[in-house]
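I opened the notebook to record what I looked up, one entry at a time.

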Amino acid sequence: MERFSWARKFCCGGAAAKGWSRGVSFQVSRCISIFFVEFQTYFAQDYARTAWIHSIADCATMLCAPLGSFISNRVSCQVGIMLGGMLASTGLILSSFATSLEHLYLSLGVLTGLGFALCYSPAIAMVGKYFNKRKALAYGIAMSGSGIGTFILAPVVQLLIEQFSWRGALLILGGFVLNLCVCGALMRPITLKEDHENPPELLGQEYVSKAQKQDLKQISMCSPLMKDWSHECLCHCSWQEYNFLLMPDFMVLAVSVLFMAYGCSPLFVYLVPYALSVGVSHQEAAFLMSILGVVDIIGNITFGWLTDRRCLKKYRHICYLFAVGMDGLCCLFLPVLQSFPLLVPFSFTFGYFDGAYVTLIPVVTADVVGTASLSSALGVVYFLHAVPYLLSPPIAGWLVDTTGSYTASFLLCGFSMIFSSILLCFARLTKKIKRTHLRSLAKDANTKQQIWTNGTMAYSVAGELDQKDVEMLAIDTNSYCNR
């Protein structure tokens with residue numbers, strides 16, 4: 001009962017801290033794009049070199065996401081988020097004294113990105129521990145902090161740049177990011193009931209579902225209350241924590257995430273510079289980011305609520321694919337939108353579906369690996385964002401420098417996201433066809449093995465099944481039962 005009481009409080013207080021944590025960490029990173037033109041002008045560098053700042057920050061955030069999960073699992077999420085807040089603030093403050101792009105690569109890129117990484121995974125995984133039935137909606141509400149962050153920070157950052165220059169703006173942001181330490185202190189850790197009860201007793205109860213039993217097996221092996229601090233046990237615990245890496249469904253999801261991450265990153269880097277290049281004012285360009293942020297909130301909450309409905313709960317993967325594909329289509333049409341009135345609908349559409357699929361990433365991951373491995377799996381999923389986040393903005397910048405326009409960059413982003421959606425769709429269709437085929441084999445097996453009695457003699461209708469078909473059927477049945 002205490003868990004559900006705190007769950008209600010978590011919606012109001014802890015989720016607010018979670019939303020603030022994600023809003024500060026993720027959206028300060030997004031607002032680096034507003035500094036793009038300032039850095040390019042001040043240091044007199046091209047698009048490709050300037051884009052490395054944003055790329056390194058995003059890459060460090062995602063590359064070190066497993067480190068955030070590790071600290072959260074071994075120490076506490078509170079310690080991880082507070083440590084991350086101090087590192088990110090230090091990076092922003094040091095960046096205000098930068099004298100070269102290389103200085104910004106280390107301070108604004110590596111140090112700030114590392115700080116955000118320690119905040120990101122623990123804050124997201126915390127929601128999954130409190131909610132089961134309305135998990136998608138809970139993630140949607142918590143992740144709306146990212147949209148609120150973009151909506152508020154984009155015009156504020158532009159105003160700070162105009163009033164105090166980019167150095168003063170970074171210094172003020174450094175103080176603002178220290179609030180992550182407060183967010184970390186508000187994260188109340190929860191000890192699940194399963195950690196204290198005898199796992200064999202729980203696993204033997206009939207009312208515990210198979211998916212929950214699988215989670216209990218992993219929890220019982222890796223719980224601090226159960227494990228023996230020996231080298232052998234630690235190795236076994238680490239393997240149990242990451243055994244989802246060999247799951248075919250997770251492998252396909254991982255490859256899809258790589259293409260999705262490649263497509264979404266350059267848009268947030270180059271939307272403001274692109275708007276300025278087609279004659280939009282600085283304030284209007286920042287306002288486009290604000291629109292994207294506030295609509296992102298609507299996408300977070302509405303898609304979270306919709307996919308928790310009974311009629312759509314089984315189709316979360318399809319909703320995720322649809323949202324990613326729609327964002328890809330938006331990128332394909334962006335090069336022909338060359339005025340502020342045309343860019344506003346783009347910000348609405350792209351922001352909505354961006355919020356939609358971002359909300360569903362933890363939900364889809366949890367459906368694939370289970371709740372017990374969610375924190376580790378999210379760390380791996382966000383780790384996979386690292387390489388695309390590192391390479392895609394500089395590649396897009398190189399294309400802009402080479403071609404003299406943004407068309408090639410945006411088309412590459414759009415096709416990458418569409419391919420990500422098609423890949424997951426094709427994998428699910430293949431799995432469904434295979435399952436249907438194996439069910440038909442099972443039906444044929446039952447028919448062929450029917451026996452009837454004619455007097456005192458029994459006759460078989462047909463011969464035995466082919467041994468290969470039997471093995472395939474057994475493998476499918478075992479994998480289905482394990483679920």
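**Entry: threonine 61**

I looked up threonine 61 and found it buried, with a relative accessible area of 6%. The model is predicted, so I noted its limits: local features need pLDDT of at least 70, side-chain atom pairs count only at pLDDT 80 or more, and totals for chains, interfaces and linings use all residues. Residues are numbered from 1 along each chain as its sequence is written, and side-chain values use heavy atoms, with hydrogens and water left out.

Threonine 61 sits in helix H3. Helices (H or I, at least four residues) and strands (E, at least two) are DSSP runs, numbered from the N terminus. I then listed what threonine 61 touches: Gly113, Phe116 and Ala117, not counting residues up to four places away in sequence. Contact means heavy atoms within 4.5 Å. I also checked valine 110, which is 49 residues from threonine 61 along the chain. Their C-alpha atoms are separated by 8.3 Å.

**Entry: the salt bridge**

How many salt bridges does the structure hold? I found 1 salt bridge. The term asks for a side-chain nitrogen of Lys or Arg within 4 Å of a carboxyl oxygen of Asp or Glu. Here the side chains of arginine 49 and glutamate 102 meet, at 2.6 Å from N to O. Arginine 49 lies in helix H3 (residues 47–63) and glutamate 102 in helix H6 (residues 101–130), so the pair ties together parts that are 53 residues apart in sequence. Side chains of opposite charge can pair when their charged atoms come close. Arginine 49 is partly exposed at 32% relative accessible area, and glutamate 102 is partly exposed at 40%.

**Entry: two packed helices**

I turned to helix H5 (residues 77–95) and helix H8 (residues 179–186). They pack at an angle of about 180°, with their axes 7 Å apart. That makes H5 roughly antiparallel to H8. Axes are lines fitted to C-alpha atoms, for helices over the stretch in contact, and angles run from 0 to 180 degrees between N-to-C directions. Roughly antiparallel means an angle over 145 degrees. On the H5 side I noted Gln78, Ile81, Met82, Gly85 and Met86. They meet Leu180, Cys181, Cys183, Gly184 and Ala185 in H8.

**Entry: positive phi**

Most residues other than glycine have a negative phi. I noted two residues with a positive value. Alanine 44 has a phi near 55°. Alanine 44 is found in the loop between helix H2 (36–43) and H3, and it is exposed at 63% relative accessible area. Serine 165 has a phi of about 70°. Serine 165 is in helix H7 (residues 135–177) and is partly exposed, at 34% relative accessibility.

Which residues form the nonpolar patch on the surface? I wrote down Val255, Leu258, Phe259 and Phe419, with about 300 Å² of accessible area together. Patch residues have over 30% relative accessible area and no salt bridge, and nonpolar side chains (Val, Leu, Ile, Met, Phe, Trp, Tyr) are joined within 5 Å. Accessible areas come from the Shrake-Rupley method with a 1.4 Å probe; for residues, only the protein chains shown count as cover. Helix H12 (residues 248–277) gives the most to the patch, with 3 residues. Phenylalanine 419 is in helix H18 (residues 407–448) and is partly exposed at 38%.

Serine 420 is also in helix H18. Is serine 420 buried or exposed? I found it buried, at 0%. Leaving aside neighbours within four places in sequence, serine 420 is in contact with Ser256, Phe259, Met260 and Val324.

**Entry: helix H13**

Isoleucine 301 lies in helix H13 (residues 282–306) and is partly exposed at 33%. Its C-alpha is 8.0 Å from that of alanine 356, 55 residues away in sequence. Methionine 289 is in helix H13 too, and at 0% it is buried. The C-alpha atoms of methionine 289 and serine 347 are separated by 7.4 Å.

**Entry: the whole chain**

I counted 19 helices and 2 strands. Of the 483 residues, 52% count as buried. The accessible surface comes to about 22,100 Å², of which 67% belongs to carbon and sulfur atoms.

Notes. Buried means under 20% relative accessible area, exposed over 50%, partly exposed in between (1.4 Å probe, protein chains only). Patches are made of residues with over 30% relative accessible area and no salt bridge: like charges are joined within 9 Å, nonpolar side chains (Val, Leu, Ile, Met, Phe, Trp, Tyr) within 5 Å. Angles under 35 degrees count as roughly parallel, over 145 as roughly antiparallel, 65 to 115 as roughly perpendicular and the rest as oblique.
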